[in-house]
Amino acid sequence: MLRSLIVLMGVDYDQWLALTVVSLKLDLRVANFGALHYGNSGKSESIFRVWFLRLWVYLFMGGMIGSVVWINKNAFFSGTVFLTYTMLLTAMLVLVDFGAIVISPEDFAILAYQPVSSRTYFVARLTNLLVYSAFLTLTLGIIPVALFFFTSGFRPLLGLAAFVAALLSGTGTALTLLLFYTAILRLVHPKKLRRAISYIQLVASFLIYGGYIFLPRLVDAHRIKILTLDKSVWLFLLPSTWFASYLDLALGRWGVAEVAPAIVSFIVLGLLIAGARGKLALEYSDQLSASMALSEGPGKVSSTRPGWIFKRGEARAVALLVGNQFKHDQKFRLAVLSILPLTVLYLWMGLREGPLRDPFVSGAAGFGKSMLIYVAVLMFPTMLRQTLTNSDSYLASWIYYATPVERSQLVLWSKNFVFVYFVLPYLSAIGMVFLYFFRNPWHVLLHLTLLALLSHLFLQIAVFANSALPFSQPVRKAQRSSSFVGILLIAPMAAVALLYAFSRWIYPNIPLLLALLAGLAGFSWLLEQMVQMQVRAQCASLEYQG
Amino acid sequence: MIETIGLSRLFGGKRALDDLSFRVEPGTIFGFLGPNGAGKSTTVKILAGLLRPSGGKAFVAGFDVVASPLEVKSRLGYVPETGALYESLSPAEYLELVSCLHHLDPKVAATRMEELLDLFGLEHERHQRMTEFSKGMKQKVVIAAALIHKPEVLFLDEPLNGMDANMAMIFKELLKKLAAQGKTILFCSHILEVVERICTRILIISEGRRIIEGSAGEICRSTGTETLEQAFAQLTGSRDAGQVTADFLAALEKV
């Protein structure tokens with residue numbers, strides 16, 4: 001049956017099957033599926049772990065939107081909300097994996113000299129795209145779809161309509177992105193487009209994850225229960241309403257406002273498939289790889305000038321390396337920048353209960369409100385330090401082994417660089433927020449000094465536990481480091497407990513506080529000596545990972 | 001058989017190939033030489049159906065590469081200079097894909113896969129993902145994929161890249177045997193000693209144009225040189241190696 005259908009389309013069945021199976025295998029092994037930090041050299045057990053985790057994340061996301069279906073019994077309203085959300089998430093995930101899933105520039109180099117027709121390649125890629133969007137929409141949509149089946153008694157037609165709507169809207173989204181992406185590629189260089197997409201992802205992920213926290217507070221269950229949508233012409237400009245009209249049809253409502261949008265959805269899908277045909281051909285893959293190989297054109301020439309204490313030897317090398325990586329390595333830059341929206345989110349969560357309280361005035365009374373901010377302030381430097389050790393270009397770290405560089409110094413200076421160029425500016429920004437609420441610069445200064453000392457302490461502990469050289473480890477491998485996870489989870493908790501103790505018992509006594517700050521600085525100096533010894537010992541046994 | 005007639009290719013305003021004509025008979029290992037940017041890879045890509053010519057004709061195994069690309073590709077084995085393959089697959093999976101694309105019977109494909117992996121010493125790595133492979137190991141898989149469907153014509157673009165000396169020796173012997181079976185082999189390489197030793201005929205091109213064609217001996221005689229390397233340097237206008245290195249060393253001393 002399937003063979004006959006495929007052959008009827010003028011496609012070589014055996015080739016189609018082989019290409020489809022291989023591309024699905026490659027997707028399973030290579031694709032990010034929404035994660036920014038996942039290498040392509042993973043072994044099977046960690047790949048399954050990643051997939052298992054993703055499955056739970058998607059189910060959780062689906063569960064969140066399922067609550068709307070559960071509360072609001074208006075099928076068109078809850079269907080539109082569900083499909084809008086599913087389409088948005090599918091769009092974001094397809095954007096992340098575009099290179100691997102939708103069109104792969106490497107296909108041309110590998111398949112162009114094989115006896116595969118453009119039509120066979122197109123249908124194989126289209127199958128791949130359909131499977132991918134089906135996986136996303138089904139895992140995101142399984143809970144809402146199940147709820148459509150059962151919430152108001154057993155209504156199989158409604159459930160089926162929700163299932164088909166989710167599947168087709170996901171496919172439509174993926175195809176739209178394909179056409180949109182390829183149209184923009186005519187105007188913009190692929191590297192610039194990728195850069196722009198990365199920033200869109202950063203903002204979109206902030207909006208989506210932030211939405212989970214914001215929305216339940218803005219719209220309560222009672223309000224969701226009574227919400228409906230007026231079927232005006234303007235409303236039908238939203239594509240998800242076309243697919244949501246399937247739900248009304250399943251309930252036996254066959255008016256113009258239900259039938260017309262459903263017909264529009266089929267016409268648009270047909271047009272999208274026809275339009276995608278030229279984009280999923282091997283020739284297009286060739287154009288894409290050729291345009292990627294082309295120079296982006298002369299960009300702004302700016303050299304990194306390491307200043308202050310980073311003027312010589314290993315310190316200068318680290319400053320040049322990290323500065324230039326930040327400028328040119330999109331993944332590294334995003335990892336650093338992603339801290340900002342998360343900080344804003346944590347600040348907002350802390351502030352929604354009321355203004356931040358000056359710990360010198362209120363003691364430990366208002367401490368619980370600020371706890372998330374302190375966790376962020378203390379956790380992010382350690383995360384940054386870890387980011388600094390990972391890179392897709394880790395093979396280039398041979399240079400640390402083939403030159404007479406002091407490797408332990410590279411490790412220590414990379415820690416110092418993180419502290420000077422990331423932690424201090426970050427604390428300064430947080431300090432401005434504190435100043436706004438505390439209104440006492442002296443209190444802010446003392447509080448920030450304690451935070452800075454604790455941040456540095458965590459950096460030292462992180463380096464002590466793992467003396468990896470800058471950008472010398474494959475991304476995935478570094479992520480698995482259990483000591484890193486331990487530091488990330490346990491250490492901020494310990495520090496928050498310490499901060500609580502300070503604000504309750506030490507802050508009221510300024511001379512004691514100053515003495516303890518000096519003591520902490522002294523302890524940090526002692527720890528630095530131990531870290532240096534440990535790093536030297538670890539670096540002596542380090543080996544190139546390539 | 002391979003034949004090109006007045007082949008040309010433009011990239012933007014730049015002429016990469018200019019009226020290039022040559023013919024390779026079955027049973028020949030044809031050395032295709034030229035300095036960097038001479039147009040070798042462009043020619044091979046046109047013959048393999050990866051690029052379209054701007055002018056002229058090209059035939060492989062009797063088929064026009066533009067009019068009948070699938071006929072050409074089903075008779076062709078190609079080892080690209082890039083050595084591109086799907087690294088997330090294992091050698092067994094990759095070879096299975098290639099054999100499916102060539103419609104090989106699964107049993108035949110399995111037998112040939114065993115033989116090829118044994119030949120290249122990859123029998124223990126057949127199910128490992130190639131992401132962890134060395135350059136030489138990947139190259140062996142690319143070569144195995146080019147041979148699995150017993151092609152009439154072989155295009156080999158720097159096939160010895162990354163290969164160890166023992167394997168290179170076996171591979172060169174294999175090429176001679178394949179040529180003896182009547183296969184047509186186009187061999188591109190910068191290792192002129194190898195070309196001189198195994199190629200029955202050699203064509204040197206420069207700036208997209210034909211410079212000279214003949215056996216290694218004929219080319220040396222016509223240029224009055226002793227080795228193919230010397231003939232190549234003379235014909236392609238290489239700068240005096242001694243003078244260039246002397247200038248470089250002097251520049252290093254100045255700083």
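Start by selecting V145(A): this residue sits in helix α7 of chain A, residues 118-150. Helices here are DSSP runs of H or I with at least four residues, strands are runs of E with at least two, and both are numbered from the N terminus. Before you click further, note that this is a predicted model, where local features need pLDDT of at least 70, side-chain atom pairs count only at pLDDT 80 or more, and totals for chains, interfaces and linings use all residues. Residues are numbered from 1 along each chain as its sequence is written, while chains are lettered from A and ligands numbered from 1 in the order in which they are written.

Stay on V145(A). Is it buried or exposed? V145(A) is buried, because 25 other C-beta atoms lie within 10 Å. The cut-offs: 20 or more other C-beta atoms within 10 Å of a residue's own make it buried, 12 or fewer make it exposed, and in between it is partly exposed, with C-beta atoms placed from the backbone.

Now show what V145(A) touches: leaving out residues up to four places away in sequence, you get G159(A), A162(A), F163(A) and A166(A). A contact means C-beta atoms, placed from the backbone, within 7 Å.

Next, go to where the chains meet. The contact takes 23 residues from chain B and 19 residues from chain A. On the chain B side, α2 (69-74), β6 (76-79) and α3 (91-101) each give two or more residues, and α3(B) has the largest share with four residues.

Switch to chain B as a whole. It has 10 helices and 10 strands, and 42% of its 255 residues are buried.

Colour the open sheet of chain B: six strands in the order β6-β7-β8-β3-β9-β10, with mixed pairing. Strands pair if DSSP finds at least two bridges between them. At the edges are β6 and β10 (209-214) of chain B, each pairing on one side only.

Zoom in on β3 (residues 29-33) and β9 (residues 201-206) of chain B, which pair in the parallel sense over four bridges. Pick F30(B) and look across: R201(B) in β9(B) stands opposite.

Last stop: helix α5 (residues 135-147) of chain B. It lies across β6 and β7 (153-157) of chain B, and runs at about 170° to β6(B). Axes are lines fitted to C-alpha atoms, for helices over the stretch in contact, and angles run from 0 to 180 degrees between N-to-C directions.

Notes: Contact = placed C-beta atoms within 7 Å.
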